[in-house]
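Colleague: I am new to this structure and would welcome a short tour. Could we look at it together?

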Amino acid sequence: MDYPKNATVKDADTWRRALEVAGLGVWDWDLRTNVTQYSESWCQMLGYRRKELPAKEDLFLLLVHPEDRARAIESGDRHLAGKCDSIETELRLQHKDGRWVWVLDRGAIVERDEDGRPTRVMGVQTDITQQKEAERDASLTNERFKLALAASETGIWHFDVGREGSFWDAKTCEIFGLESRSREIDSHTWESFLHPEDKLDAERQHMAAIYKNEVVKIPYRIVRKDGEVRHVETLAKSLQSQGSAGYLVGTIKDVTEEIRAARALYAEKERYQITLGAISDSVISTDVSGVINFANPSALGMLSVDHDALIGSNIFRLFRNDAAIQSVDLDCGDDFKNGVTLEIYSELYRCKSRPILSASGDSCGNVYTFQNISEETRRQQQLAYAAHHDALSGLYNRIAFDGALEKAIANVATTAFAILYLDLDHFKALNDFAGHAAGDEALKAIAASVADILPEKAIFARLGGDEFAILVFGTEREELKRIAGETIAAVQAIDLGYRVGGPRLGCSIGITIVSDPFISASDALAQSDDACYAAKSSGRNRVSFFSEGKSRATSGLSAAREVADLTEALEENRLILFGQEIQSIEHSGQQCGRLEILARLRARDGRIVGPDGFIPAAERFGMAPVLDRWIFRKALADHGPLLKKLDLKIGFNLSAQTLSDPSLWSFIHDAAREHGTELSQIAFEITETAAVTSFETASRFVRRARDHGCMVSLDDFGSGLCSFDYLRRFPINCIKIDGAFVEKIVDSTVDRAIIAAVVELARNLGFNVVAEKIENEDIITQLRKLGVTHGQGFHLHRPEPLDDYVTRRLGSTERLQQERRIA
């Protein structure tokens with residue numbers, strides 16, 4: 001660029017050196033030609049020589065940073081328009097090496113034409129890159145400092161000792177519950193927040209910090225204006241200043257949560273210590289090398305050692321070398337990882353270990369827990385024994401026998417065997433005459449006597465009730481007959497020590513020889529059962545061998561097939577529910593709202609099979625509980641929610657096997673709740689035989705049913721010898737007179753007298769009475785004379801499908817309600 005026209009060469013050199021030394025780049029913009037000239041120092045500032053830059057009008061705009069271009073143009077335009085006295089802006093220009101150079105651009109109009117319009121503008125650009133970088137670094141440092149303070153939730157303050165005034169930042173104000181303020185805060189403000197118990201000590205420590213040349217930590221409490229007490233911690237440092245009394249600068253942090261956490265951690269530790277001291281499980285902790293550093297009292301008792309003797313010892317050496325610890329060889333800590341069983345001083349312990357990890361996941365040691373499982377093991381052994389043995393006789397039960405039978409069949413190719421099926425004769429009579437206790441004593445005596453005469457490897461089991469089975473390895477018929485004969489003699493020789501009356505106890509035995517490895521266990525047992533039936537049919541106390549040529553409709557094999565058909569019928573939903581009403585015979589035509597649920601089976605050919613065609617087989621093969629539960633759930637699922645609306649109580653017959661299930665009431669209660677049925681709409685009928693089979697279970701069930709509003713009827717009353725004893729023991733509320741007394745009431749004086757006695761008994765006890773098997777009007781007439789109020793039989797109502805009955809009754813109910821609304 002040119003220098004002033006009247007400048008000498010010496011002056012020009014002086015200007016050039018001055019510009020170069022100052023690092024200033026000069027620019028001269030001729031508005032008439034729109035040409036801008038740049039000084040050599042300006043070019044050097046950007047790393048160029050003048051001749052390296054193109055002579056372009058827009059050179060400046062080509063070099064300026066795109067983000068700064070609009071600002072640079074706007075600054076010049078404002079000055080040219082007279083809106084500001086000069087051009088002044090910060091912008092970036094691109095250096096020759098590609099980096100950006102920050103410059104401070106300053107300029108102004110230096111010439112105007114006759115009309116006052118600007119014609120020439122000159123300015124200088126100063127390299128301020130280092131300044132901008134310093135500002136940036138300072139800004140980053142400041143931001144990092146602010147971020148650190150924000151992250152640490154720390155406030156900053158300083159106290160002017162001479163003026164006794166403080167300056168608090170926003171965080172400090174926030175900690176004290178104040179709005180941020182920029183004015184000076186007098187010392188009385190701070191003092192007003194101090195907790196009364198901490199005030200004197202906090203003031204004393206702050207004053208002492210003024211005279212110390214070190215950082216002082218001062219914890220104290222403050223009380224905010226809302227009454228909340230907060231814990232704070234201050235770091236204070238004295239700074240001396242010439243000409244003043246000095247300053248106390250510091251930080252403040254709210255540590256309330258840390259204090260609370262520390263107290264909670266201490267309390268938690270105390271709880272753990274107390275808990276570990278109180279629990280019965282033994283707990284030992286170690287460091288990473290296995291050295292014991294904690295043991296609760298249970299652990300000390302388990303090892304019979306003092307605390308001081310145990311702490312500091314190595315757990316692995318202890319458990320490997322102590323003679324009182326058996327059943328394990330411990331060489332490293334991993335032996336405990338998945339749990340081991342130890343025998344310590346004759347007690348069994350289950351031991352497990354878990355690592356103690358730091359917050360970073362590093363192992364700090366291990367904790368070992370020892371649970372005494374001696375009693376649990378004994379119970380498991382007892383349960384295992386009970387699962388495979390009959391509780392009364394001590395013999396194998398049905399489950400164990402079935403397992404032994406399947407195993408024997410699997411090995412039959414090398415070891416043939418026979419099944420002896422025993423069914424006691426006159427056992428029910430023994431129960432009727434002498435009661436259940438005598439029956440139980442007889443079963444135990446039979447188990448002991450027969451077991452004494454059997455071969456060493458024979459397997460003797462009680463299958464249930466009065467049925468037994470024996471597996472004898474060997475197939476010599478004469479030997480099998482001898483064993484069977486001695487068994488019958490042993491049963492007949494049972495002496496209970498008192499006279500029970502009735503026929504003498506005996507047994508019938510069926511024998512099947514098994515040689516087919518492909519026969520199923522159920523078929524093999526059915527063959528022996530079939531042979532036993534033949535022995536019983538031929539006169540009792542007999543022995544009969546199974547023969548393939550024999551076939552009877554009532555045989556065990558036939559019953560097994562019936563059970564298979566029943567199972568398929570349940571799966572295929574071919575079991576149909578029927579219902580038979582119990583009606584009032586005292587007032588003809590009056591509905592009493594009671595219906596007995598019955599079951600019928602639809603055969604594959606469409607025939608309807610009555611209960612005699614499948615229920616005996618179900619009871620014989622232990623399927624009665626499945627059948628009873630299916631009937632109950634089906635009836636409630638289909639019609640349970642309607643029973644209250646229909647004012648209908650439905651009754652279910654329960655077999656002896658069903659009543660023997662302790663979980664029966666839970667099933668009934670859950671099913672009723674599931675299907676929205678009130679228990680007061682449900683009745684149960686139990687027969688005398690069912691109660692005899694499982695008296696205690698039946699009694700518990702009846703009490704629960706009655707407590708929940710169910711009706712319970714004693715069915716077939718009078719058919720056995722213990723009917724009146726059951727009235728005394730069971731909290732029933734209905735008696736159903738056995739149809740055998742009802743069907744001949746017109747001609748039999750004895751039957752009328754029995755029914756009259758039952759009615760009088762029921763009246764005195766507050767029971768309902770229902771007469772079964774009413775076949776004609778003459779029977780109803782006689783029953784009315786005797787005071788019987790309700791009856792059941794074909795003459796009153798023939799069983800009909802339950803769906804049809806409910807549909808019909810529902811229609812009648814809706815019509816009746818409509819008539820009442822109209823009336």
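Colleague: To begin, which residues form one aromatic cluster?

Modeller: The cluster is made of F632, F652, W665, F667, F684 and F701. Rings of Phe, Tyr and Trp (its six-membered ring) pair if their centres lie within 6.5 Å; planes under 30 degrees apart count as stacked, over 60 as edge-to-face and the rest as tilted. Please note that this is a predicted model, where local features need pLDDT of at least 70, side-chain atom pairs count only at pLDDT 80 or more, and totals for chains, interfaces and linings use all residues. Residues are numbered from 1 along each chain as its sequence is written, and side-chain values use heavy atoms, with hydrogens and water left out.

Colleague: What sits over the ring of F667?

Modeller: The charged end of R629 does, 4.5 Å from the ring centre. The criterion is NZ of Lys or CZ of Arg within 6 Å of the ring centre and within 35 degrees of the ring normal.

Colleague: How many aromatic pairs does the structure hold?

Modeller: There are 13 aromatic pairs. One of them joins F176 and F193 edge-to-face, at 5.2 Å centre to centre and with 75 degrees between the planes. F176 lies in the loop between α6 (170-175) and β8 (185-186), and F193 in helix α7 (residues 187-193), so this pair ties together parts that are 17 residues apart in sequence. Helices (H or I, at least four residues) and strands (E, at least two) are DSSP runs, numbered from the N terminus.

Colleague: Is F176 buried or exposed?

Modeller: F176 is buried, with a relative accessible area of 1%. Buried means under 20% relative accessible area, exposed over 50%, and partly exposed in between (1.4 Å probe, protein chains only). F193 is also buried, at 1% relative accessibility.

Colleague: Turning to sheets, what is the strand order in the open sheet of five strands?

Modeller: The order is β19-β20-β18-β21-β22, with mixed pairing; two strands pair if DSSP finds at least two bridges between them. The edge strands, each pairing on one side only, are β19 (459-464) and β22 (543-545).

Colleague: How many bridges join β21 to β22?

Modeller: Three bridges join β21 (residues 506-514) to β22, and the two strands run parallel. Within β22, F545 is the bridge partner of I511. R477 lies over the face of F545, 4.0 Å from the ring centre.

Colleague: Which strands does helix α17 lie across?

Modeller: Helix α17 (residues 477-492) lies across β18, β20, β21 and β22, running at about 160 degrees to β21. Contact means heavy atoms within 4.5 Å; axes are lines fitted to C-alpha atoms, for helices over the stretch in contact, and angles run from 0 to 180 degrees between N-to-C directions.
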